[in-house]
Amino acid sequence: MAPPTRRHATSLETISVTVPEAAVEAYENAIGSVCATVGIFEANPEGTLWRVEGVKDTGHREDELTASLVLAELTSGVTAPLERTSTEAEGWLARTYEAFPEQEVGRRFVVRGTHLPDSKNATRIVLTLDAGVAFGSGEHGSTRGCLRALERVAYRRPRRILDLGCGTGILAMAAAALLHQKVLAVDIEPWSVRVAAQNAKRNQLGRLLTCRLGNGWQTPAIWKAAPFDLVFANILARPLCLMAKDLARYLAPGGTVILAGLLRTQVRMVLAAHRRQGLVLEQELTEGEWATLILRRPVLPVRKTA
């Protein structure tokens with residue numbers, strides 16, 4: 001994966017597959033293993049087929065891509081031919097800029113690219129990201145849902161905050177800027193950790209964000225900082241289900257979790273996994289086909305002694 005200081009490659013290609021909804025997650029993981037940015041788009045009017053695509057250096061990490069596609073086929077039971085299109089580097093970056101205008105999200109946030117002229121906004125918190133590496137830049141339904149969810153739970157004034165699978169750090173930065181609290185941002189991808197740290201510095205939030213490399217709940221930095229009053233987990237549906245037990249373990253009584261990265265059709269599965277751990281659904285937000293869940297760990301009543 002290209003380091004964050006490298007704005008574009010000299011030769012790029014767009015790789016894509018078209019699959020039914022049930023196979024989206026498996027192929028998103030496969031393409032995401034070699035592409036910094038993965039897009040998911042409806043491929044037919046009925047919404048039964050989806051195109052999963054990403055952009056990468058031509059010929060880069062081919063063995064890893066092949067293995068990931070084989071795994072996606074085995075886990076989903078769907079065979080999807082890989083399509084490749086040559087993409088001019090400068091043209092791709094220009095299209096990325098064009099597709100990343102300033103975006104108002106919810107009532108409190110503005111997400112803008114570094115390619116746009118500086119502008120002040122007296123009524124909203126401005127989060128500035130580099131469109132050249134802006135996976136998780138606020139245009140995706142799951143990211144927008146998380147920002148809206150943050151606005152709805154901010155009145156609780158959480159103090160111990162975790163962004164698990166932080167990507168660019170946009171959610172961690174939003175929480176730090178809105179709540180004026182320190183946030184731990186963790187990702188399994190070294191490139192993401194570096195980008196998140198750079199974005200925090202760019203937005204004058206470096207003193208509030210701690211960015212760490214880690215493998216989910218196995219990360220020592222998470223153990224030391226737990227329990228958490230607020231957790232963001234904008235990942236994927238199945239990993240969320242697998243991590244539900246650990247999430248409940250490290251969430252403080254009365255703590256809130258914002259879950260995202262799941263399609264509306266996957267809500268029941270994700271919700272069931274977390275309800276089994278005692279978490280309670282407070283609200284479900286939707287952005288197109290994407291859902292965001294706000295759950296809370298109940299505060300256990302204090303037993304009175306005679």
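The sulfur of Cys166 lies 5.9 Å from the closest cysteine sulfur, that of Cys211, which is too far for a bond. A disulfide is counted when two cysteine sulfur atoms are within 2.5 Å, and a search of the whole structure returns zero of them. The structure is a predicted model, in which local features need pLDDT of at least 70, side-chain atom pairs count only at pLDDT 80 or more, and totals for chains, interfaces and linings use all residues. Residues are numbered from 1 along each chain as its sequence is written, and side-chain values use heavy atoms, with hydrogens and water left out.

Relative accessible area sorts residues into buried (under 20%), exposed (over 50%) and partly exposed (in between), using a 1.4 Å probe and protein chains only.

| Residue | Relative accessible area | Class |
|---|---|---|
| Cys166 | 5% | buried |
| Cys211 | 13% | buried |
| Phe41 | 37% | partly exposed |

Phe41 belongs to strand E2, residues 38-42. Helices (H or I, at least four residues) and strands (E, at least two) are DSSP runs numbered from the N terminus. Beyond its neighbours within four places in sequence, Phe41 is in contact (heavy atoms within 4.5 Å) with Leu49, Trp50, Arg51 and Glu53.

For the protein overall, the secondary structure consists of ten helices and 14 strands. Of its 306 residues, 52% are buried. Among contacts with a separation of 6 or more, 68% join residues 24 or more positions apart. The accessible surface (Shrake-Rupley method, 1.4 Å probe) is about 15,000 Å², and carbon and sulfur atoms hold 52% of that surface.

The second largest pocket has a volume of about 260 Å³. A pocket here is an open set of points on a 1 Å grid over the protein atoms alone, where a 1.4 Å probe fits, with protein on both sides within 12 Å along at least five of seven lines; lining residues have an atom within 4 Å of a point. The volume is the space filled by probe spheres set on the points, which are joined across faces, edges and corners. The lining includes Ala22, Glu25, Asn29, Leu71, Thr75 and Arg238. Helix H1 (24-32) and helix H2 (62-76) are the elements that give two or more residues to this lining, and H2 gives the most, with five. By class, the lining residues are six nonpolar, four polar and two charged.

Methods:
Nonpolar A, V, L, I, M, F, W, Y, C, P; charged D, E, K, R; others polar.
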